[in-house]
Amino acid sequence: MTPYDPEARRNTPLLKEIKARIAERGPMRVSDYIHLCLFDPEHGYYRSRPAIGRRGDFITAPEISQTFGELIGLWSVAVWQQMGAPAAFHLIEYGAGRGTLMRDALRAARIVPQFMEAAKISLCDINPVLREQQEQALGGLGLPAGKVRFVEGMDDDDLYQANLANEPAIIIANEFLDVWPVRQYIRKQDGWIGRWVGLDENGQLQFVPPRTHDGLGEPASLSPSDIDSRFGHAAEGDIVTVTHYGFADELLGPWQRFAALFIDYGHVAAEIGDTLQAVRNHAYEHPLTSPGEADLTHQVDFQDFAGRVKGHSPNHRIDGPITQAEFLGRLGIMERASRLMAANPDQAAQLEAGIVRLMSPQGMGGRFKAIAVRSQDLPVTPGFE
């Protein structure tokens, strides 16, 4: 985590509300702090800020190279064929950003007209600014009116009705798991305590022990032994980050036939360390510095995510996780890039630089992982064979 510089603290509108809440109710869980910073109805980061792109705070893989979205589009076509090429299915992207990934995916998928005819496309994003950009991004594809829906959340009623109609789904989520609120704990000599957000003697935000006296300050469903089972080798003073992927039940549970692809940065198994981070203006800063005006993320624990999915439905099948470099390599990113560079020699250097960035073992290629979840009737999805 970036060191906390008191001089860098910014007096954001949300900071005033958080301080008032802590002054009235006492310290809050780290997970509650993250949720307010990202999703507060008035001042939350994902409610009003452009976030992605050079004018935003960070760059995602679809913005780096068009081949990323194109390969996911072809992956979707192959999965649709594995499903038996149904005459109607849902193509859903969660956390759709500026619509770049879906635009590139659909442009590549047009080589199979039947896929495009069968697809009912939904882009889900809580950010109204980004939903406007999604409409602009897909506007040039010449899609029929009503072909694409731009919705706010996972609880969209039309998707729920589609579940009841037993229509299959292909779900895409890039950099989606890393923004879900986490809880943090610190190893002490006599066990674990929770890590909360409170105020120091000067009325400024700081990390503090829980306001309750039961150690963790958490619901009874979580105990120190639960944390020990995953982080028993932790030393005194170590911080661990735990995500409760309860939303996976809502995201995947209702679908009878589906395949879902998640790509995010993180680790294959539980790791010790403080992985909570903030990004603003393409630079890292401390998570307490700019509440509501910086993106807060954490490293995804893919083992924990897979365990949550399997715990909810033992019939679901998991493919991966594997590194992003492995996944894109198996889908043929080098061959596709070579064809693009040959067809656009004036852009060859730029295209090559984008591929290197996506595939670097020390960078995105190694840090990012891909994992797929599918219904039990489907074979292993492309790229994970």
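Student: Which residues of E2 point one way and which the other way?

Tutor: Phe-89, Leu-91 and Glu-93 point one way from E2, while His-90, Ile-92 and Tyr-94 point the other way. In a regular strand, side chains alternate between the two faces of the sheet. Buried means under 20% relative accessible area, exposed means over 50%, and partly exposed lies in between, using a 1.4 Å probe and protein chains only. Strands (E, at least two residues) and helices (H or I, at least four) are DSSP runs, numbered from the N terminus.

Student: Before we go on, how should I read the numbers?

Tutor: This is a predicted model, where local features need pLDDT of at least 70 and side-chain atom pairs count only at pLDDT 80 or more, while totals for chains, interfaces and linings use all residues. Residues are numbered from 1 along each chain as its sequence is written, and side-chain values use heavy atoms, leaving out hydrogens and water.

Student: Okay, which strands does E2 pair with?

Tutor: E2 pairs with strand E3 (residues 119–124) in the parallel sense over 6 bridges. Strand E5 (residues 169–174) also runs parallel to E2, joined by 4 bridges. Two strands pair if DSSP finds at least two bridges between them. In E3, Leu-123 is the bridge partner of Glu-93, and in E5, Ile-170 is the bridge partner of Leu-91.

Student: Which residues have the most contacts inside the largest nonpolar core?

Tutor: Those are Leu-91, Phe-115, Phe-327 and Leu-358, in a core of 50 residues. Helix H5 (residues 66–82) gives the most to this core, with 7 residues. Apart from it lies another core, of 24 residues, among them Leu-14 and Tyr-46. A nonpolar core here is a set of buried Ala, Val, Leu, Ile, Met, Phe, Trp, Tyr and Cys residues joined through side-chain atoms within 4.5 Å.

Student: What does Leu-358 touch?

Tutor: Leaving out residues up to four places away in sequence, its contacts include Ile-64, Phe-68, Leu-328, Ile-333 and Met-364. Contact means heavy atoms within 4.5 Å.

Student: Switching to H14, which of its residues are buried?

Tutor: In helix H14 (residues 333–343), they are Ile-333, Arg-336, Ala-337 and Leu-340. Seen down the axis of H14, these fall within an arc of 100°, so they line one face of the helix. The arc is that of the directions from the helix axis to the C-beta atoms. On the other side of H14, Arg-339 and Ala-342 are exposed.

Student: And what covers that buried side?

Tutor: The cover includes H5, helix H6 (100–109), helix H13 (324–330) and helix H15 (348–359).

Student: New topic: where is Thr-275, and is it buried or exposed?

Tutor: Thr-275 is found in the loop between strand E11 (258–267) and strand E12 (277–280). Thr-275 is buried, with a relative accessible area of 13%. Not counting residues up to four places away in sequence, Thr-275 touches Gln-184, Thr-241, Thr-297, His-298 and Gln-299.

Student: Last one, what does the whole chain look like?

Tutor: The chain's secondary structure comes to 16 helices and 17 strands. Buried residues make up 55% of the 385 residues in the chain. Among contacts between residues at least 6 apart in sequence, 77% join residues at least 24 apart.
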